[in-house]
There are 4 protein chains.
Amino acid sequence: MSLRKKKIEKKKEEILRSAAEVLNEKGYHGATMEDIATKLLMTKGSMYYYFKNKEDLYFQCHRMMIDKSNEKIEDIINSEKSPLEKLRSAIISHIKLATTEKSMFSLMDKPEQKFSGEYLEDILQQRSEYEKNFDQIINEGIQSGEFDHVDVKLLRLLILGSLNWILEWYSPEGGKTQDEISEAFSDYLLRIVKKQC
Amino acid sequence: MSLRKKKIEKKKEEILRSAAEVLNEKGYHGATMEDIATKLLMTKGSMYYYFKNKEDLYFQCHRMMIDKSNEKIEDIINSEKSPLEKLRSAIISHIKLATTEKSMFSLMDKPEQKFSGEYLEDILQQRSEYEKNFDQIINEGIQSGEFDHVDVKLLRLLILGSLNWILEWYSPEGGKTQDEISEAFSDYLLRIVKKQC
Amino acid sequence: MSLRKKKIEKKKEEILRSAAEVLNEKGYHGATMEDIATKLLMTKGSMYYYFKNKEDLYFQCHRMMIDKSNEKIEDIINSEKSPLEKLRSAIISHIKLATTEKSMFSLMDKPEQKFSGEYLEDILQQRSEYEKNFDQIINEGIQSGEFDHVDVKLLRLLILGSLNWILEWYSPEGGKTQDEISEAFSDYLLRIVKKQC
Amino acid sequence: MSLRKKKIEKKKEEILRSAAEVLNEKGYHGATMEDIATKLLMTKGSMYYYFKNKEDLYFQCHRMMIDKSNEKIEDIINSEKSPLEKLRSAIISHIKLATTEKSMFSLMDKPEQKFSGEYLEDILQQRSEYEKNFDQIINEGIQSGEFDHVDVKLLRLLILGSLNWILEWYSPEGGKTQDEISEAFSDYLLRIVKKQC
DNA sequence: AATGAATGAGGGTTCATTCAT
DNA sequence: TATGAATGAACCCTCATTCAT
């Protein structure tokens with residue numbers, strides 16, 4: 001990649017990060033291109049040099065985030081840990097990403113309301129990848145006998161649901177810290193898969 | 001209540017129900033008053049005979065749903081069941097309401113993005129009532145020794161998170177049925193509170 | 001006129017009086033039929049039993065007022081007073097009517113902005129009648145030698161202008177009383193016509 | 001001021017001038033933003049690049065006019081003329097401004113019907129300044145013994161009323177010319193203050 | 001690479017008016 | 001005689017998008 005391209009890439013990411021904050025705060029339709037531009041000390045018009053349109057901007061925010069998520073979970077899967085530890089790591093990693101990058105992570109819900117056509121397909125595709133990775137961990141656990149027999153899909157939905165919902169109430173300032181949440185949630189959720197006695 | 005008032009009330013509810021579907025499908029900002037009216041074979045203008053404005057319409061959708069939720073959970077609390085059974089009932093009841101009234105239930109997230117002022121206050125107030133009721137069940141269980149020691153708030157957030165997220169993937173047509181989901185989720189979630197051995 | 005018709009007539013006048021207040025306070029376009037109806041403890045729809053439409057309502061307010069004005073000035077003209085006293089009376093009478101019936105009187109300016117077609121013609125016609133009456137008094141004064149030579153039309157415009165403008169600042173509660181205004185204005189305005197020395 | 005700012009200022013004034021005509025012709029509520037834009041060969045939306053909203057546009061029309069009025073009268077006050085000549089100048093100047101800029105000047109009545117909040121306050125404040133200046137001239141005349149004893153406020157109201165009312169009937173095409181009006185009105189009105197014999 | 005200016009489609013809302021009852 | 005309900009046109013305003021510079 002040429003230096004020039006790299007510079008543009010950097011700028012884009014800067015924009016994305018800032019845009020995500022506004023988008024998350026006001027919602028996709030609630031946030032105007034002007035809002036986003038203002039925060040970046042740019043003008044509305046300039047945004048169109050970097051992004052085709054608002055949907056595209058939003059899409060790239062989304063993409064950035066899901067890429068990170070997938071990288072993380074793949075690292076975990078490829079690690080040497082036991083399934084239980086893998087699941088714990090995945091949970092903790094998800095919480096960490098979600099709470100650290102709250103703004104960008106929050107953009108990821110209800111994609112059908114914001115995207116259409118190819119954009120939507122692409123997004124759903126990436127999501128399902130993440131879910132498959134999650135499922136794989138659970139399946140490993142069951143096969144190794146470490147986990148109880150569970151409905152893999154429903155359990156994954158339960159877990160990810162509880163994790164994603166964290167964004168609805170988490171605030172970096174008050175309440176529980178990232179670590180408290182991570183510890184409690186991973187503890188509680190792992191109880192579900194552990195063999196009952 | 002006079003006959004006329006009753007009739008108006010009926011009509012309002014009919015509108016709310018239909019509006020919820022559109023609002024849920026397209027999101028608050030994405031759905032136009034025209035969209036909502038058209039679905040009811042009314043005109044945009046007529047909606048304003050029944051509701052002060054869009055926010056008001058949305059608010060009343062919200063209110064209708066949360067009232068139902070609160071009624072249900074209060075019934076459960078006042079029943080003669082054991083804490084464990086109460087929690088199971090609360091989970092199942094929540095799932096049932098959410099999946100049966102998917103459209104309206106779905107409207108309930110991210111109220112800060114859609115409401116302001118008094119509306120917002122009112123909604124947050126009603127929500128916290130529901131949460132308190134949930135917490136009470138968990139507390140009862142801990143005090144009676146039936147439940148393990150848990151962080152009540154975090155557990156409640158975990159549970160409600162996983163339940164609310166159901167709306168993101170549940171579809172009445174395909175996949176899991178209400179009953180399957182209810183059974184699995186209540187089973188899994190109760191494992192968390194049961195005394196470990 | 002039948003009793004029934006008379007009753008309707010009474011009702012109409014009651015409506016007109018009340019309507020005028022609202023219309024004057026908020027302006028023609030600013031006042032809604034609902035505003036007017038509410039003040040009368042009626043419903044919007046009912047107004048249409050008495051008036052063809054808003055313009056008609058407004059027109060009749062206007063008409064009511066200008067009829068009164070014309071009656072008054074004709075009485076003055078037909079009286080036995082000297083031109084000077086007639087003019088004084090006309091001034092005082094105009095002030096009295098304007099301040100007493102401020103609401104209705106205020107409706108009378110800028111008719112071109114509110115009326116069109118026949119309504120407008122009718123109104124302009126009635127106005128010019130009033131003006132002619134005023135001019136006649138001035139002419140009498142000049143012919144009798146009591147008044148100085150003046151441009152009748154311009155003087156009439158000056159006088160009526162200053163009188164009509166009273167509505168812009170007069171308030172029944174504070175400031176000058178009707179009598180103070182009447183005395184000062186008639187005194188000042190008559191100075192103009194009196195023979196200079 | 002930068003070139004750009006100057007350009008924008010020019011454009012704004014151009015809009016104001018044109019807007020005033022439409023606003024005057026149809027009244028504040030009767031004139032639509034579309035009407036105003038069309039006359040300028042612009043689109044409705046473009047107007048909002050220059051003005052926050054309709055009230056703002058109207059306000060600035062108003063402000064432009066009243067600023068000019070105040071400038072003029074202050075020049076007169078600061079001149080070396082006698083009170084009588086000052087009053088004559090003020091009258092003539094007022095007439096000239098009103099008839100030359102009929103459209104904009106006409107906008108100035110009934111501000112309470114069109115403005116609210118800060119806008120209204122600002123306007124009433126500016127008006128009262130103009131009135132104070134007028135009063136000062138009259139007071140000077142009385143103190144110098146050149147004028148008769150009069151109620152300053154009522155006389156000012158009489159004079160300004162008769163002058164402002166000119167807009168109700170003046171037309172640049174027909175009838176009296178600016179000069180004829182100026183001469184007659186200043187002559188007549190000055191008779192009021194001159195010592196009687 | 002950036003922006004000032006303009007656009008136009010569309011959204012929420014208001015309101016005079018109608019009409020069945 | 002009166003009204004509740006509905007309508008639809010019009011209005012103000014917003015905003016994503018474009019384009020000349």
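A: In this predicted model, the rule finds 4 salt bridges across the interface of chain D and chain C, a salt bridge being a side-chain nitrogen of Lys or Arg within 4 Å of a carboxyl oxygen of Asp or Glu. Because the model is predicted, local features need pLDDT of at least 70 and side-chain atom pairs count only at pLDDT 80 or more, whereas totals for chains, interfaces and linings use all residues. Residues are numbered from 1 along each chain as its sequence is written, chains are lettered from A and ligands numbered from 1 in the order in which they are written, and side-chain values use heavy atoms, with hydrogens and water left out.

One salt bridge joins D151(C) to K176(D), with 2.7 Å between the closest N and O atoms. Between chain D and chain C, 8 residue pairs are in polar contact, both residues being at pLDDT 80 or more; such a contact is a pair of N or O atoms within 3.5 Å, where within protein one must be able to donate a hydrogen and the other to accept it, and residues adjacent in sequence count only if both atoms are side-chain atoms. On the side of chain D that touches chain C, at least two residues each are supplied by α1 (3-26), α8 (152-169) and α9 (178-193) of chain D, the helices being DSSP runs of H or I with at least four residues, numbered from the N terminus. The most comes from α8(D), which gives 10 residues to that side. By class, the side of chain D that touches chain C holds 15 nonpolar, 11 polar and 10 charged residues; here Ala, Val, Leu, Ile, Met, Phe, Trp, Tyr, Cys and Pro count as nonpolar, Asp, Glu, Lys and Arg as charged, and the others, Gly among them, as polar.

As for extent, 36 residues of chain D and 37 residues of chain C take part in the contact, which means heavy atoms within 4.5 Å. About 3,400 Å² is buried between chain D and chain C, with carbon and sulfur atoms giving 64% of that area; buried area is the accessible area (1.4 Å probe) that two parts lose on being put together, summed over both. In chain D, the residues that lose the most area to chain C are W165(D), Y188(D) and R191(D), together 21% of what that side buries.

Chain D makes no contact with chain A, the closest C-alpha atoms of the two lying 13 Å apart, and chain D does not touch chain B either, with nearest C-alpha atoms 21 Å apart. Chain A, in turn, is superposed on chain B by a rotation of 179° with 0.1 Å of shift along its axis (RMSD 0.2 Å), and these two copies are thus related as by a two-fold rotation axis. In chain A, the residue closest to the rotation axis is S162(A), at 2.0 Å (C-alpha).

Definitions and conventions. Copies are superposed by least squares on the C-alpha atoms of residues with pLDDT of at least 70 in both.
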